[in-house]
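Visitor: Could you go through this model with me, starting with how one of the helices is packed and then turning to the charged pairs?

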Amino acid sequence: MEEDRQGRRYPPNLQGVLQLAVEAGSAAEGPAPTEPMSDERKTWLRDALAEVGKGQMDEVEQMKRCVALLRQEGTNKGEQEGEEERDEDHEDERESAFEILSELCENLDNARDLMTLGGLELCLSQYLCHPQSGLRWRAAELIACCAQNMPQVQVYLLSNGALPKLLQLTDSDSNATVRVKALYAVSCLVREQEAGLQAFLSHDGFSVLMRGMQTGNEKVRTKSAFLLFNLLTSHAEQKDTVLSMGMVQQLVSVLRTTHSPFHEHVLGALCCLVEECPQGLKDCRNPALNLEELLRQRSRELRGKEESQEELDFCERLRVACFRGQHDENGMDR
């Protein structure tokens with residue numbers, strides 16, 4: 001077997017390195033090889049690693065060209081005179097540059113390099129407020145892509161005022177895609193990031209989510225409800241803050257609108273608010289909300305629908321948490 005591996009040829013690129021690593025890992029389960037790596041194998045490995053490094057450098061060069069293009073001031077006469085936005089599908093070199101950068105920055109090293117190259121600063125200073133919606137949402141998307149799982153980039157963005165700008169876009173931009181992408185970026189900055197959460201609180205982020213759930217855009221409603229649910233799950237200490245805003249009443253009001261899949265996250269958030277939280281229970285039991293009857297009706301509607309099982313589970317969980325004990329005290333459920 002060892003001779004077979006020594007004689008086998010691999011492409012001198014990242015794929016070849018991965019193939020070699022996989023086979024080496026499998027071979028490690030057997031006896032340790034007695035023969036040293038052949039000169040041919042050493043040469044191949046050096047060439048493959050050099051090719052990987054060259055590929056990384058090529059990507060940095062691509063990012064440099066994209067950033068240089070984005071630095072150019074708009075010379076389009078219509079832009080300078082405040083002409084109405086062009087259609088979303090209008091070909092624009094800068095839109096293409098953003099798309100290339102977003103793809104490249106799925107690699108975390110590239111995301112950090114883009115920060116160093118000044119690309120994120122351009123997003124914040126020039127493109128989140130650009131008159132073209134196609135550039136605004138692509139800038140927000142790039143910020144989200146770079147911020148995911150990258151604390152260093154998150155700290156940079158937060159320290160340069162990204163969050164209030166993104167919250168404002170989420171709350172009031174006239175373009176639905178911009179709102180969706182901005183909220184995506186907000187999520188990447190505040191989930192599992194304590195500094196981001198504190199900035200979110202200081203800029204009344206929960207109110208933005210509340211209004212997002214009441215908007216006419218399904219994607220904004222869904223992402224707002226999901227982020228609220230996620231934050232309450234991860235940060236139980238924020239329940240009092242949310243309850244003081246009248247969130248229970250607002251969430252129940254949302255549940256009374258035409259049924260939508262995002263109601264699953266709304267019910268999940270309500271479950272969080274009643275767990276080990278007397279004030280949350282009190283709010284849910286307010287007779288004026290008639291929440292118990294709403295939950296019974298919703299359970300009947302969802303029962304037997306496999307795609308709605310999680311929502312049904314939340315519905316039953318909330319009903320039991322809020323009203324089962326109350327009925328037991330009165331002997332009604334015995």
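Visitor: What covers the buried residues of α9?

Guide: This is a predicted model, and in it the cover over the buried residues of α9 includes α6 (108-117), α7 (119-127), α8 (133-147), α10 (162-172), α11 (176-190) and α12 (194-202).

Visitor: And which residues of α9 are buried?

Guide: In α9, which runs over residues 151-159, the buried residues are V153, Q154, L157 and L158. They cover an arc of only 130° around the axis, which puts them on the same side of α9.

Visitor: Which residues are exposed on the other side of α9?

Guide: There, P151 and S159 are exposed. Just after α9 comes G161, which takes a positive phi of about 75°.

Visitor: Changing topic, how many salt bridges are there?

Guide: The count comes to 16 salt bridges, taking a side-chain nitrogen of Lys or Arg within 4 Å of a carboxyl oxygen of Asp or Glu as the rule.

Visitor: Where do K64 and E61 sit relative to one another?

Guide: Both belong to helix α3 (residues 39-71), and because they are 3 residues apart, K64 and E61 are separated by about one helical turn. Their side chains meet in a salt bridge, at 3.7 Å from N to O. As for accessibility, K64 is partly exposed with a relative accessible area of 40%, and E61 is partly exposed with 32%.

Visitor: Why does that spacing in a helix matter for which way residues point?

Guide: An α-helix has 3.6 residues a turn, so residues three or four places apart point the same way.

Visitor: OK, what about R298 and E301, which helix are they in?

Guide: R298 and E301 both lie in helix α19 (residues 291-302), 3 residues apart, or about one turn of the helix, and their side chains form a salt bridge at 3.5 Å, N to O.

Visitor: Which residue does E275 form a salt bridge with?

Guide: The partner of E275 is R317, and the closest N and O atoms are 2.3 Å apart. This pair links distant parts of the chain, with E275 in the loop between α17 (263-274) and α18 (278-284) and R317 in helix α20 (residues 309-330), 42 residues apart. E275 counts as partly exposed at 34% relative accessibility, and R317 likewise counts as partly exposed at 39%.

How values were computed. Residues numbered from 1 in each chain as written. Predicted model: local features only at pLDDT ≥ 70, side-chain atom pairs only at ≥ 80, totals over all residues. Heavy atoms only, no water. Buried < 20%, exposed > 50% of the residue type's maximum accessible area, 1.4 Å probe, protein only. Helix = DSSP H or I, 4+ residues; strand = E, 2+ residues; numbered from the N terminus. Arc of directions from axis to C-beta. Contact = heavy atoms within 4.5 Å.
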